[in-house]
Amino acid sequence: MKRLFLFFIIGILISSFFVYAAGVSTGGEVSSDRAEVRSADVRNERAVVDDCENVNIRKDRIKCRLENRPERSSVPESCRTAENRGRCVALYNAIGKCYELNARNKDQCLKRAIGLRAKLSDDVSTERKEKTRDYVVALLYDLQERVEKANELGKLDSEESAVIIEKITEIKESIGSGVNKMEIREMMKELKSLWKESIE
Amino acid sequence: MEGEYRMNKLTIGLIIVLVLVGGFLYMNLDDSEDAEVGGSNDGQMVDEPVSSYSNLDSSENVFSEIDSSLEFIDS
């Protein structure tokens, strides 16, 4: 009985090794044809991402991403200089799925992910100020998604799109660094006029 | 024979405990990631009807929502 149990445990260990080996192959370690093709795709993808990430001027970096559309995500532009980069990236991860929704469902998803009530005026939590900043960043990201979509559909060229996204990024950075609402409103006016010139 | 049986029971019990502890730790890690952004809700997250949320179907509505939300970013 003891021996049988021992064989059983060894059997589980051996089969788990094969499962592990199968998992590693998707990273391009196993030399099957499919794995090599996948590995080459990953290398090309990485090269495109790295090429864009190494561009020094922000607008050109944004344009590079728009033109190459790397599937692998990089650190969001407005998080690159954020004081708390981890928190900034976590916000994008938390709200990311909400942009697949529409209208009120999207707003519900965003507010729930951030921890806000339906109406900000009803929110009496001590963290309302910080959460509202996160919410405005989320709304700006919604505008950015619209620009990216317009670019994808050929309604807006990469240069115009990059100019608008750069402005959106500047505003998001300012919100993250605690700039007051008067200054944010001024920046929003500039964004609106860019929007009218290019999109409407 | 009885000793062997007891030992096997002990090993199975140990494996079950390890799986449970592993599962608990995994779920805890997952929760802590979510908590990073939302923070504490002060018990306020009630089920509000979807109609009480803002309609973000157009860019005009998003701009207007940003405008009204900016009122609360300093207070």
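What percentage of the 75 residues in chain B is buried? It's 9%, where buried means 20 or more other C-beta atoms within 10 Å of the residue's own, with C-beta atoms placed from the backbone.

Quick housekeeping: this is a predicted model, so local features need pLDDT of at least 70, side-chain atom pairs count only at pLDDT 80 or more, and totals for chains, interfaces and linings use all residues. Residues are numbered from 1 along each chain as its sequence is written, and chains are lettered from A and ligands numbered from 1 in the order in which they are written.

Okay, chain B. Its secondary structure is two helices and zero strands; those are DSSP runs, H or I of at least four residues for helices, E of at least two for strands, numbered from the N terminus. On to the interface: 30 residues of chain B contact 42 residues of chain A, contact meaning C-beta atoms, placed from the backbone, within 7 Å. On chain B's side, α1 (2-38) and α2 (59-69) are the elements giving two or more residues.

Now over to chain A. Helix α7 (residues 158-176) and helix α8 (residues 181-198) pack at about 165°, axes 10 Å apart. The axes are lines fitted to C-alpha atoms over the stretch in contact, with angles from 0 to 180 degrees between N-to-C directions. So α7(A) and α8(A) are roughly antiparallel, the label for angles over 145 degrees. Who's touching whom? Among the residues that meet are A:V163, A:I164 and A:I168 from α7(A), and A:M187, A:L191 and A:W195 from α8(A).

Key:
Contact = placed C-beta atoms within 7 Å. Parallel < 35°, antiparallel > 145°, perpendicular 65-115°, else oblique. Buried ≥ 20, exposed ≤ 12 C-beta atoms within 10 Å, placed from the backbone.
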